Amino acid sequence: MSSQKSNLPTGSIIVGDCVENMSALPAESVDCIFADPPYNLQLGGDLHRPNNSKVDAVDNDWDQFESLKAYDEFTREWLMAARATLKPDGSIWVIGSYHNIFRLGYILQDLGFWVLNDIIWRKSNPMPNFRGRRFTNAHETMIWASKSQKSKYYFNYDAMKSLNEDLQMRSDWYLPLCTGAERLKDADGKKAHPTQKPESLLRRVIMASTRKNDVILDPFFGTGTTGAVAKKLGRSFIGLERDETYAEFARTRIAAIDPLKDNLVENKPKREQPRVPFGNLIERGLLEAGAVLTDSKKRHKATVHADGSIMVQNSIDKTRGSIHKVGAAVQDAPSCNGWTYWHYKDGAKSLPIDNLRSQIRAEMHNA
C-alpha cells in the first residue's frame, strides 16, 4: 500500500462541510468519486395526492438555495475540491434530475472534466405526477466523466456485459427506486433520508469504474449507500456528510455488512488478464496443427500451423499470419480480434477460440 493511500481516512464517515473536508485530503489521492448533490428542486408549496394526503417530498434545508447563481457557486466550489482529490486517471459520477443536471454538466466541462457517458436511470416504479400537469418524472441522469480528456480511466466492460446477459451494457438502466427492507427508517417509521439511492444503482457504478481496493469518495454520503456497496465489493470508501443523524444511520448500516469473498467479486477485464499467445493453444494440445478455424458464419476457413500462424484456405489468396492479421484481411478491415472472430469445432458445436484461452488463464489463476 502506498504511503499516500495509508494516510487516507478510508472506511470513515467525516461529519462537516464537504469542501473543507475534501480540501484536507491529500491531492490526487482517490480513484473514483460518486456525488449525489442537492438537486435544488425549487418546489412550489406542498404536494398532495388525489386523496389529499401530503407527499413526503424533498423540502429539507440542505436542498434550499436562494438563487440559481448561488447553486452554481456551490456546485463549482465542491467540484473544484473534488477535482483536486481525484487521481489523474480517476473518474467521477454525478447524479441529478432535470432541475440541476444540466447545470452540473456545464460546470463539469468548464472545470476540465471530460464527459464519458450520460446514464439514464429509468425508474421501474416512479412517483406519479399527482397534479397531472406534467409528464411523470420517471428518470434521473448520471454523468460519468474522467478528470481530463487524456485520463486513462478504468472501465470494466466485461463485468457490465456479464451483468447484461452477455450483451454490451447500454446507457439506460432500468432499476427500481429504493423501497422495502432496503429503505432505512427512523424510530417513527419515517424515511431516514428522502433521496436514498438503491444499492443496485451503486453496484453498477462501482463495478463499472473501480477495481478491488480502490478508494471511492462520496462528498454527499447521506445514509451511506456508496459505503455499503463499496464495502460489500471489496473497495475502500470515504464518506463526507454534514448531517450527524444521516451519518449515524450510515455507520450502523455499514457496520452490519460483510464483504463478499474475493473470488465472488473479481471479474478482471480480459485486457488485464495474463497474456496468452495463440501458439500456447497448440503447445498445450488444445488445438492441433492442421485444425481448421472458421468465422461464426462459416464464410472463411483458415488452417492452423505448428508455429501459431494460420493460413486462409483459398487457392487465390494465401494470406498467412496471426489470428488477428488474417481475420482483418479476410474482412478487409483495419483490425480484428482474432480470439472472438475465429471458431473451432467442439463436437457439433462451433465455439470461439477465446474459450480455449480462458482454460489456460484459469490454470494460471489456480496455479
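**View 1. Glutamate 165 sits in the loop between α5 (157–163) and β6 (172–175).** The model is predicted. Phi of glutamate 165 is near 55 degrees. That is a positive value in a residue other than glycine. Glutamate 165 counts as exposed because its relative accessibility, 73%, is over the 50% cut-off.

**View 2. Glutamate 28 also has a positive phi, near 50 degrees.** This residue, again not a glycine, lies in the loop between α2 (18–23) and β2 (30–35). Its relative accessibility is 37%, so glutamate 28 counts as partly exposed.

**View 3. A salt bridge joins the side chains of lysine 147 and glutamate 28.** The N to O distance is 3.3 Å. The two partners are 119 residues apart, and the pair links distant parts of the chain. Lysine 147 belongs to the loop between β5 (139–146) and α5. Glutamate 28 belongs to the loop between α2 and β2. Lysine 147 counts as buried, because its relative accessibility of 9% is under 20%. Glutamate 28 is partly exposed, at 37%.

**View 4. Arginine 170 and aspartate 172 meet through their side chains in a salt bridge.** Here N to O is 2.9 Å. Arginine 170 is exposed, at 56% relative accessibility. Aspartate 172 is partly exposed, at 30%.

**View 5. Aspartate 307 and arginine 320 form a salt bridge of 3.4 Å, N to O.** The pair links distant parts of the chain, with partners 13 residues apart. Aspartate 307 is in the loop between β10 (301–304) and β11 (310–312). Arginine 320 is in strand β12 (residues 320–321). Aspartate 307 counts as exposed, at 55% relative accessibility. Arginine 320 counts as partly exposed, at 37%.

**View 6. Glu199, Lys232 and Arg253 are joined into one network.** The links are salt bridges that share partners. A search of the whole structure finds 15 salt bridges.

**View 7. The largest nonpolar core holds 33 residues.** Ile13, Phe34, Trp93, Ile95, Met142, Trp173 and Leu201 touch the most other members. Helix α6 (residues 199–209) gives the largest share of this core, six residues. In soluble globular proteins, nonpolar side chains tend to be buried together.

**View 8. Isoleucine 13 and its contacts.** Residues up to four places away in sequence are not counted.

Notes. Residues are numbered from 1 along each chain as its sequence is written. This is a predicted model: local features need pLDDT of at least 70, side-chain atom pairs count only at pLDDT 80 or more; totals for chains, interfaces and linings use all residues. Side-chain values use heavy atoms; hydrogens and water are left out. A nonpolar core is a set of buried Ala, Val, Leu, Ile, Met, Phe, Trp, Tyr and Cys residues joined through side-chain atoms within 4.5 Å. Buried means under 20% relative accessible area, exposed over 50%, partly exposed in between (1.4 Å probe, protein chains only). Helices (H or I, at least four residues) and strands (E, at least two) are DSSP runs, numbered from the N terminus. Contact means heavy atoms within 4.5 Å. A salt bridge is a side-chain nitrogen of Lys or Arg within 4 Å of a carboxyl oxygen of Asp or Glu.
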